Structure formats: structure tokens, C-alpha cells
Amino acid sequence: MDQLPVVTLAVLATCFLGSVDSSAYDKIVTHSRIRARNEGPNVCALQQVEGTKKKYFSTCRNWYRKSICGKKALVLYECCPGYMKLDGMRGCPAVAPIDNVYNTLEIVRAMTTKSYYDESNLREQIEGPGAFTVFAPSDDAWEELDPAVRAALKSNVNIELKNALHYHMVNHRLLTKDMKNGINVTSMYNNQGIYINHYPNGVVTVNCARIIHGNQIATNGVVHVIDRVITSVAGTINEYLNNDEDYSSFLNAAYIAGVMEELNLPGHFTLFLPTNAAFEKLTPGFMESIFENEPVIKALVTYHLLNSVQCAEAIMAGSVYETKEGSTIEIGCDGESLTVNGIKMVLKKDIVTSNGVIHIIDQVLIPDSAKEVRELIGTSQSMFGDLVSEMGLTTNLDLNTEYTVLATKDNAFTDEVMADDTYLRLILENHLLKLKVPLSGLYNGQQLETVSGKLLRVFIYRTAVCIESACMLQGSKTGINWALHVMSSLIKPADKTIFELLEADGKFKTFLSLMETAGLLDMLKGKGSYTIFAPSDEAFKDLSKDDLDLLRSDLNALRTILLYHFSDGIFINGGLERRVTNLLRSMQGINLYVKHENNSIYVNSVEVPNSDLMATNGVIHVVKNVLYPKDLPVGRQDLLLVLQRLIKYLEIKFLSGYTYAEIPLSFFTKFSTSTRYIEVPERGTITITEIETKPSTKQVTRVIKTETPVSKKVVVEGSKTTKFTRVIGRQPSVSKVTRIIGGGEDRTNKRKTETGEITITTMTEPQIISVPDLSNIKRIGENPALLKEESDKITKLIQGGRGFAAARRAPAGIKRRARPVKRHNKPKE
């Protein structure tokens with residue numbers, strides 16, 4: 001062959017390769033070239049697993065770890081594909097000569113393959129015209145082939161060996177850039193398919209044999225050196241399972257799971273196939289216990305199956321893959337061994353089928369969803385698991401019941417919690433939910449019912465999911481009928497309002513007094529979801545009585561200051577993003593700046609010494625300073641002096657004549673709510689929600705969905721009897737009752753039962769004060785002693801705090817004494 005055409009073809013081929021779109025293989029070769037740039041031109045850095053002949057173009061990950069498959073890797077420098085060394089010259093400055101496919105096999109050192117083409121009389125074909133792709137097994141690959149198979153090929157070179165070599169050939173040129181992941185190309189042996197996989201780490205496999213030297217251009221095609229002799233593929237994964245009795249246990253489970261039909265369809269699967277011996281290693285009775293539960297069986301089978309082809313030679317380090325069951329497994333390698341979840345369990349690798357690859361394993365993989373939740377509670381929650389069992393709370397936690405476990409770490413169980421078994425049981429019940437609630441099913445404002453009937457609130461934040469004041473840690477797991485979440489602390493449902501908590505504490509008297517003056521006290525009692533930074537009495541210690549009176553005298557100023565301590569929404573400590581400023585919109589309108597640093601909360605740079613006091617209508621964070629918006633000025637000197645004594649963490653601006661805007665109280669409803677849980681014989685736990693209202697006219701609606709009508713009579717001496725009847729199975733009736741005599745209190749109870757919801761409104765009758773009949777007295781002078789006696793009685797009652805809601809009509813014959821009326825001069829219109 002003339003030298004000039006050869007050189008011309010080499011240049012053209014080099015330009016061609018440089019101009020095409022690069023693939024993962026091309027990129028990894030380029031990366032290896034960069035790693036070896038100090039060694040001279042066209043040199044590539046490779047890594048060889050110590051003690052083996054396996055060499056890889058290096059990824060960044062493997063380069064810095066200096067290991068492949070967990071074994072130490074030695075760095076080698078070799079000519080990049082397509083280049084050669086020249087004597088006395090640094091690097092690989094020469095382009096490899098381009099020749100026909102037959103002669104190219106010698107260039108890439110596939111000498112055994114070249115000799116077999118001679119023996120099988122195929123030399124003339126691969127020297128002649130055409131565009132062939134040859135996947136040439138390396139010399140080592142032929143040495144590793146089963147001796148019996150190799151002997152059979154050599155004993156019948158005109159048929160068996162010739163067919164084998166034709167199966168390694170494609171009748172058109174294929175470069176690595178053309179080898180897309182998952183494609184099937186037609187070989188020159190009976191049009192049998194060859195299965196290509198191209199992985200992100202640059203590995204390209206042909207029937208799971210790895211290309212170790214690719215893209216060696218020839219005049220009539222291209223040669224790729226592979227590390228294994230490949231054989232033709234016959235049948236699907238389904239057919240493979242049905243043809244071998246060693247896998248009958250898995251086969252039976254797969255039929256029950258209903259996945260065998262899918263395994264007979266075209267696809268790209270990886271199956272980790274456990275042997276019958278692997279099933280025999282399971283806990284006695286395990287398979288029998290789950291065979292009646294089809295979802296569990298399906299989860300177990302599909303946990304062994306991937307929706308992608310993962311050949312063993314493509315694994316250079318541990319990687320996580322999603323199974324068809326939905327959870328993940330880690331496939332890695334330890335030297336020559338393939339590992340699953342870090343365990344060497346693969347007996348045989350890379351059984352190639354028409355719709356995927358099979359790896360034989362000696363252990364059954366059991367997903368979390370096929371386990372009982374008690375098996376999954378980690379070592380850090382072992383005490384929680386033990387206590388739940390000891391308290392007899394695991395009775396309903398089986399494969400036939402849906403439930404959720406909120407497991408808490410062992411350090412949450414302090415001596416105080418452990419001291420009382422009754423209290424401990426109540427705490428543990430708060431961590432067991434009646435329904436399966438996976439992490440993905442939680443939403444802000446959701447209420448979760450515990451096994452004891454209590455309700456827990458869910459709060460979703462930017463970086464946290466919390467239930468009451470406890471937030472979830474990493475490690476949530478989901479099974480067929482259960483969910484497991486690991487919590488940061490014990491969960492305690494709120495049972496008091498903000499007002500009840502502050503009043504019971506006794507250290508917030510000044511704050512509560514100011515809230516009452518401002519007309520805001522009902523916020524603390526009623527419905528809502530507030531975050532409040534409540535200043536303790538210590539915050540007001542520098543104010544005198546006159547200072548407080550001055551503060552009370554300006555209602556707009558007082559409301560402005562107090563509402564700056566409120567934010568609409570519940571924001572707990574665990575929901576704050578760490579080391580950044582969290583902006584909370586105050587109900588006054590200006591942002592609060594909240595930060596979490598060094599395990600402490602700061603609001604406007606003021607430390608919060610006590611946080612996460614959970615109430616039914618919000619959360620309390622205690623502060624020792626009154627908060628004030630930094631950009632809000634004060635327009636009065638006397639008020640400025642008071643605020644300067646009260647607020648010391650910032651300098652308040654003075655703007656003469658500035659007045660605070662009026663803040664209407666229309667943003668909250670004036671009623672309060674509390675919830676109680678009681679045990680009723682033969683009815684279980686009933687939830688009672690109590691609502692206190694203050695309207696002068698009471699409108700009462702009763703709705704009940706029970707089988708027996710219930711009536712309640714309220715009898716007042718000296719007045720009519722009012723009868724309340726609950727309506728069953730139709731639209732609720734409405735009774736409108738107007739009381740003449742005040743001083744009473746009404747209460748609305750909501751009860752949740754198994755048959756529905758009961759709303760009960762109880763009207764506490766006002767007090768009736770009995771007085772003697774004075775209708776027979778015609779004139780005052782007729783019985784002055786009686787009048788004086790009864791007048792003294794009424795005076796004492798009034799002084800004692802008991803009075804009338806409405807005055808009675810004066811008895812006949814007695815004139816009312818006129819009272820002087822103070823009149824104001826009104827300007828004429």
C-alpha cells in the first residue's frame with residue numbers, strides 16, 4: 001500500500017474523530033489525556049487494579065481516591081488510542097498507521113483473534129472491501145474462556161469458530177459515539193443481536209464485555225478490543241427462570257407477584273436472582289407468613305429488579321440505583337467481586353438475555369416494606385422500640401393494619417419521663433398514628449390522629465418537617481402498610497391556649513394586662529395559629545406605674561408595639577433555617593428578624609431563652625426585652641422616654657408630630673377554643689372541643705348522627721321550661737333563645753364519635769334573685785319596715801358583685817324615683 005494514501009487517510013480519520021460529537025467514552029479518554037499531559041503528547045493516564053491485569057481510563061472520582069472497586073490502583077501512562085511511540089521521542093507523537101481490519105488486529109495486539117480469523121478462513125473477508133466493526137477479544141480474554149468451550153471452537157473451525165467470530169462482527173462501522181446506551185445491533189451471525197450499553201462513567205459494554213481499547217480506525221472498518229469472548233443471546237429473563245430448577249423458589253414468588261409476564265417483554269432489566277439455597281437461609285416461616293399477602297410478595301420480588309441494565313464491568317465504585325419496588329439498593333464492587341448493599345453475595349455475573357442481565361446471588365434481598373417496623377428501628381431508637389413492646393402497644397402493628405411510627409432517639413427518655421408508667425404510656429401513644437402517612441403525604445396544617453385519639457399538627461418549613469415541636473430527622477422509611485419517621489424529640493400535643501399557658505406561668509402579668517387594655521386579649525384565647533414572642537415581666541421592670549399608665553393612654557401606640565410581637569403562622573425552633581436570617585411578617589406589618597445560631601434563637605438580635613411552648617392556637621417564644629420595629633419613629637417626647645427605658649437593644653428614632661396608625665381589631669375572631677379527650681365507657685375515646693363566645697343573642701344548633709334521640713331540659717324556677725332536642729338523620733334544627741337575665745355562660749362542645757360528630761351547646765342559666773311580692777303595697781308609707789329590709793338586701797347583693805341583667809317593672813302603685821340626668825350641651829346643627 002502506498003505511503004501517501006495511508007498518511008492522508010490517517011489525517012482524515014483524525015480530523016473526523018475530532019469533529020464528531022463526543023460521548024462519555026470520548027470524554028473519559030480526553031480526561032485521561034489531560035491527566036498525562038506532563039508525560040508528552042498523546043499520552044493517556046490509566047489506572048490498573050493492583051494484582052490484576054484490569055486497566056481503566058480514569059475518572060476524577062477514581063483518580064483522587066487512587067482505587068478502583070475498593071482496591072488500590074496503580075497509575076500507568078500509555079499511548080492514547082490511535083497513537084504510537086517513536087524511538088528517541090517523548091510521548092506518543094506518531095499516528096498509528098491505518099490498514100485493513102486484519103492488519104489492524106495486530107496494531108491493537110489482538111493476536112489470538114487474528115490467528116483465529118486465519119484458521120476459520122475469514123482473513124480474505126476482513127481484508128477486502130466493506131465497512132466492518134469487529135469486537136476483538138483480547139489475548140487475555142481468550143485465555144479466560146472456559147477450556148471446554150474454547151476446545152469445542154477449535155475442533156470445528158469452519159463452523160463453530162467461524163460462527164463465533166461472525167457474532168463479534170457488525171456489517172457497518174460503529175464508533176463509540178454511535179453506541180448509544182441500550183441499543184441492539186445486528187451481528188453477522190444469523191442476524192443475532194448484540195446488546196450495547198454506554199455508561200456515564202465512560203464504560204462501553206458489548207453483551208456486558210467491556211471495550212478496553214476503542215475506535216481503532218481501519219481502511220475497511222473499525223476495531224474495538226473487548227475484555228471477554230461474547231456469546232449469542234437466547235431468550236428472555238422469563239425463559240431463563242423457567243429453564244432452571246435452581247431458581248424455583250424465586251420463580252414461584254414472581255408468579256404470585258404477577259411480574260413474570262413483564263419479564264417476558266422487551267426491556268432493559270437487571271435481575272439479582274437468589275438461588276433456592278438463598279431462600280433456605282431465611283428465618284423459618286418467613287415466606288409462609290407473607291405468601292398470603294400479595295403486596296408484600298410483590299415488594300420482595302421487585303426489590304430484586306432494576307429498570308436498567310447494570311453490567312458488572314461498568315461498576316467501578318458503589319452507586320445507588322432505584323429498584324422497581326421503589327426503594328434503592330447500592331451496587332458496588334470489591335476487587336473482582338460484585339457487591340449488593342455492601343455485601344459480597346454475587347455467585348455469577350453478567351448472564352445476558354434479550355431483555356436484560358442476570359446476576360446470581362446467594363442471599364434473598366428483603367426490602368423494608370416486607371419487614372415489620374420493629375426490625376427497622378435503628379440502634380439509636382432501640383429504647384423506643386423496647387418501651388413500645390413493653391407497654392403492649394404493638395398489638396395492632398401487623399401486616400393487616402395501617403399505621404405510622406414516630407420513633408424518638410434514646411436520649412429523649414429522661415428520668416422524668418421514665419418515672420411514671422402512666423405518663424410514659426401517654427407519651428408513647430403520641431408516637432403511634434392510626435394511618436400510614438409517608439413523608440410525601442404530609443402537608444402544612446394537616447392533623448394526624450394517634451392511637452389514643454389525640455390530634456397532632458404538621459408544620460412544613462423550607463428545610464424541615466415537624467409534628468408539634470418535634471422535627472423529623474433523616475431516615476424515614478415506608479412499607480406496604482406502615483411508615484416510620486425518626487423524630488428529634490418527644491411529641492406532646494398542646495392542650496392549652498396561649499392565654500392559659502401565660503396566665504398559669506405567672507411571669508407575664510404585665511404583658512397580659514397590656515393586651516387586655518389594648519383589646520387584644522381574645523387573640524390569646526381564641527382560634528388561630530400565632531407565633532408570639534412574649535415578653536416576661538422582667539422586660540417591664542424599669543417602668544413605673546406612671547410609665548405604664550402613659551403607655552396605656554395611647555391605644556394605637558400600645559397595639560402597634562404589642563402586635564409587633566405576633567406573626568401569623570406557627571414557626572418553631574426546628575423549623576428555622578440555620579445560620580441565615582428568617583423573616584417573619586409581624587401582625588403589625590413590619591418584619592421580625594429571626595436567626596438560629598449556636599443552638600439559640602435570636603429575634604431582632606434579642607436572645608430567646610425559652611422557646612417552643614406549644615399552645616392549641618400557636619407557639620410561644622419567651623423574650624426578656626420588648627421588641628420594637630427599628631424603622632418606626634416616635635412622635636412624642638414623653639412616650640419616647642418611656643420606650644427608651646423599655647427597649648434597650650436599639651436606638652428609637654424621634655419624629656416630632658408622628659402618630660401611630662389606627663389598627664382595627666377585625667383580624668381575629670373573639671372566641672376561644674380548647675380541646676379535651678375523655679374516655680367514655682363502651683364508646684372509647686371522645687374528642688370534645690369547647691368554644692366560648694360572647695354575643696348577647698345566642699343561636700343554638702344541634703346536629704347528631706346517632707341512633708337514639710337525646711333530649712336535655714333546662715328548668716329555671718319561676719320561668720318557662722326550655723326543651724332542646726337533637727335532630728337525627730335530617731337537617732339540623734335551630735333554636736334561638738334570648739335570655740332576659742344576664743350573667744350566664746354558654747359552652748359549645750364538639751364530640752367526635754365512630755358514627756359522626758356531635759355538637760352540644762350548653763346554656764348555663766343566669767342567676768335569678770328572689771324578692772318578696774310588693775304588689776299589695778299601695779303607698780310607700782304603708783310598710784316602711786319591709787321596704788327598708790328588702791332595700792338593704794339588694795344593696796348588699798349589689799355590693800357583693802351580684803346584680804340584675806335587666807330591671808323588673810315597678811309594682812303597681814309605686815312610683816319610680818326620678819334620677820338626675822347629666823346633660824351635655826350639644827352644638828346646634
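The model is predicted. Every value below is computed from that model.

## Disulfides

The structure holds five disulfides. Counting bonded cysteines along the chain, the pairing pattern is 1-4, 2-8, 3-5, 6-7, 9-10.

| Disulfide | S to S distance | S-S torsion | Handedness |
|---|---|---|---|
| Cysteine 79 – cysteine 92 | 1.9 Å | about -85 degrees | left-handed |
| Cysteine 208 – cysteine 311 | 2.0 Å | -65 degrees | left-handed |
| Cysteine 466 – cysteine 471 | 2.0 Å | 85 degrees | right-handed |

Start with cysteine 79 and cysteine 92, which are joined by a disulfide. This pair links distant parts of the chain, 13 residues apart. Cysteine 79 belongs to strand β4 (residues 71–79). Cysteine 92 sits in the loop between β5 (83–84) and β6 (94–95). How accessible is cysteine 79? Its relative accessible area is 23%, so cysteine 79 is partly exposed. Cysteine 92 has 0% relative accessibility and therefore counts as buried.

Next comes the disulfide between cysteine 208 and cysteine 311. Cysteine 208 lies in the loop between β11 (204–206) and β12 (209–218). Cysteine 311 lies in the loop between β15 (305–306) and β16 (319–322). The pair therefore ties together parts that are 103 residues apart in sequence. Both cysteine 208 and cysteine 311 are buried.

The link between cysteine 466 and cysteine 471 is right-handed. Cysteine 466 has a relative accessible area of 0% and is buried. Cysteine 471 is buried too, at 8%.

Cysteine 60 is partly exposed, with a relative accessible area of 38%.

## Helix α11 against helix α14

Helix α11 (residues 248–257) and helix α14 (residues 294–302) cross at roughly 125 degrees. Their axes come within 8 Å. The crossing of α11 past α14 is left-handed.

Which residues make the contact? From α11 come Phe250, Ala253, Ala254, Ile256 and Ala257. From α14 come Glu294, Ile297, Lys298 and Val301. By class, seven of the contact residues are nonpolar, none is polar and two are charged.

Residues three or four places apart on an α-helix point the same way, because the helix has 3.6 residues a turn.

## Helix α20 against helix α22

Helix α20 (residues 509–517) packs on helix α22 (residues 545–553) at an angle of about 30 degrees. The axes are 10 Å apart. The angle falls under 35 degrees, so α20 and α22 are roughly parallel to each other. α20 passes α22 in a right-handed crossing.

The α20 side of the contact is made by Thr510, Ser513, Leu514 and Thr517. The α22 side is made by Leu548, Leu551 and Arg552. This contact of α20 with α22 has three nonpolar, three polar and one charged residues.

## Isoleucine 230

Where does isoleucine 230 lie? It is in the loop between β13 (221–226) and α10 (237–242). Is isoleucine 230 buried or exposed? At 5% relative accessibility, it counts as buried, because the cut-off for buried is under 20%.

Setting aside neighbours within four places in sequence, isoleucine 230 is in contact with Tyr167, His168, Val206, Asn207 and Ala209. Take tyrosine 167 from that list. Isoleucine 230 and tyrosine 167 are 63 residues apart in sequence. In space they are 8.1 Å apart, C-alpha to C-alpha.

## Helix α5 and the residue after it

Helix α5 spans residues 111–119. Its buried residues are Thr112, Thr113, Lys114, Tyr116 and Tyr117. Asparagine 121 follows α5. The phi of asparagine 121 is positive, near 60 degrees.

Terms used: Residues numbered from 1 in each chain as written. Predicted model: local features only at pLDDT ≥ 70, side-chain atom pairs only at ≥ 80, totals over all residues. Heavy atoms only, no water. Disulfide = S-S within 2.5 Å. Helix = DSSP H or I, 4+ residues; strand = E, 2+ residues; numbered from the N terminus. Buried < 20%, exposed > 50% of the residue type's maximum accessible area, 1.4 Å probe, protein only. Axes fitted to C-alpha atoms, helices over the stretch in contact; angles between N-to-C directions. Left-handed = near helix turned anticlockwise from the far one by under 90°. Contact = heavy atoms within 4.5 Å. Nonpolar A, V, L, I, M, F, W, Y, C, P; charged D, E, K, R; others polar. Parallel < 35°, antiparallel > 145°, perpendicular 65-115°, else oblique.
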